[in-house]
Amino acid sequence: MLMKISRLQKMDKALLVNWEKKSRERQKLYKQVLAQSAKAKLYNDLPAYHEEAFEQIDCLQCAACCKNYSPRFKTTDIKRIAKKLRLKESVFIDNYLRLDEDGDYVVKSTPCPFLESDHRCGIYDDRPSDCARFPYTDEDVLVKRPQLTLKNSSFCPAVYYVLEKMIANK
Ligand code: SF4
Ligand code: SF4
């Protein structure tokens, strides 16, 4: 049993070697698997894939999402974070946010201004709900928004990992 577990862990770790290249090469396959997946089985399996991914991937060693992309700051996020920072909401918006082409508030520039040098989030307990939910690997958003999932699989190893598990177990 012990040997079996260590072999499995080795195999799954091997999945992450050169993952960016593999993800680039398998985008078509990911698109197919997202379109064809048996939803009931997938939703049942997703929590285990998600947990397994984050047992092996340390976000503090990565921070690719916070370095390169912005979450949406919804009204409730803005109220909560401005309060935490003891700023008026208008001042918080002026200091940190801009409206994007979809009319959503996003950070003025990346990396996110709340990302600290050790890759921790300076407003972790009050971070936007998009940040708390990202990368959606335990949510049906993963299959309901395939374009988003494909994009995320190009920079988030956890999304890549979960897609590979879906392929291996379909
Ligand atoms: S890109 Fe994915 S693995 Fe990297 S920090 Fe963000 S959620 Fe974690
Ligand atoms: S608010 Fe925190 S978790 Fe969200 S992008 Fe910025 S640093 Fe990352």
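1. D45 is found in helix α4, and α4 covers residues 39-56. Helices here are DSSP runs of H or I with at least four residues, strands are runs of E with at least two, and both are numbered from the N terminus. D45 counts as partly exposed because 17 C-beta neighbours lie inside 10 Å. The scale behind that word is this: a residue is buried if 20 or more other C-beta atoms lie within 10 Å of its own, exposed if 12 or fewer, and partly exposed in between, with C-beta atoms placed from the backbone. D45 and F92 are 47 residues apart in sequence, and their C-alpha atoms are 40 Å apart in space.

2. The model is predicted, so local features need pLDDT of at least 70 and side-chain atom pairs count only at pLDDT 80 or more, while totals for chains, interfaces and linings use all residues. Residues are numbered from 1 along each chain as its sequence is written, and chains are lettered from A and ligands numbered from 1 in the order in which they are written.

3. How confident is the prediction? The mean pLDDT of the chain is 92, and 94% of its residues reach 70 or more; pLDDT is the predictor's confidence in each residue, from 0 to 100. Over residues 1-8 the pLDDT is below 50, and beyond near neighbours in sequence this stretch has zero contacts in the model. A contact means that the C-beta atoms of two residues, placed from the backbone, lie within 7 Å.

4. The secondary structure comes to eleven helices and two strands. Read from the N terminus, the order is α-α-α-α-α-α-α-β-β-α-α-α-α. The C-alpha trace spans about 55 × 35 × 30 Å along its principal axes. Of the 170 residues in the chain, 25% are buried. Among contacts between residues at least 6 apart in sequence, 71% join residues at least 24 apart.

5. The chain is divided into domain 1 (67-133) and domain 2 (135-170), with bounds that come from an automatic or database domain assignment. The C-alpha centres of the two domains lie 24 Å apart.

6. Which residues of the largest nonpolar core touch the most other members? They are A158, V159, V162 and L163, in a core of 28 residues. A nonpolar core is a set of buried Ala, Val, Leu, Ile, Met, Phe, Trp, Tyr and Cys residues joined through C-beta atoms within 7 Å. The elements that give two or more residues to this core include α3 (27-36), α6 (75-84), α7 (89-96) and β2 (105-107). Helix α11 gives the most, with seven residues. Domain 1 and domain 2 both give residues to this core, so the core lies between them. Leaving aside residues up to four places away in sequence, L163 touches Y30, V33 and S153.

7. The residues around ligand 1 are I57, C59, C62, A63, A64, C65, F134, P135, F155, C156, P157 and A158. A residue is near a molecule if its C-beta atom, placed from the backbone, lies within 6 Å of it. The elements that give two or more residues to this shell are α5 (64-68) and α11 (157-168). By class, the shell has twelve nonpolar, no polar and no charged residues. Ala, Val, Leu, Ile, Met, Phe, Trp, Tyr, Cys and Pro count as nonpolar, Asp, Glu, Lys and Arg as charged, and the others, Gly among them, as polar.

8. Around ligand 2 the residues are C66, P71, C112, F114, L115, C121, I123, R127, P128 and C131. This shell divides into nine nonpolar, no polar and one charged residues.

9. Where are the cis peptide bonds listed here? One joins T110 and P111, with omega about -5°, and P111 is in the loop between β2 and α8 (129-133). Another runs from F134 to P135, with omega near 10°. P135 is in the loop between α8 and α9 (141-144), and P135 is also one of the residues around ligand 1.

10. N18 is not a glycine, but has a positive phi of about 55°. N18 sits in the loop between α1 (2-15) and α2 (19-25), and is exposed because 10 other C-beta atoms lie within 10 Å. R86, also not a glycine, has a positive phi of about 55°. The loop between α6 and α7 holds R86, which counts as exposed because 8 C-beta neighbours lie inside 10 Å.
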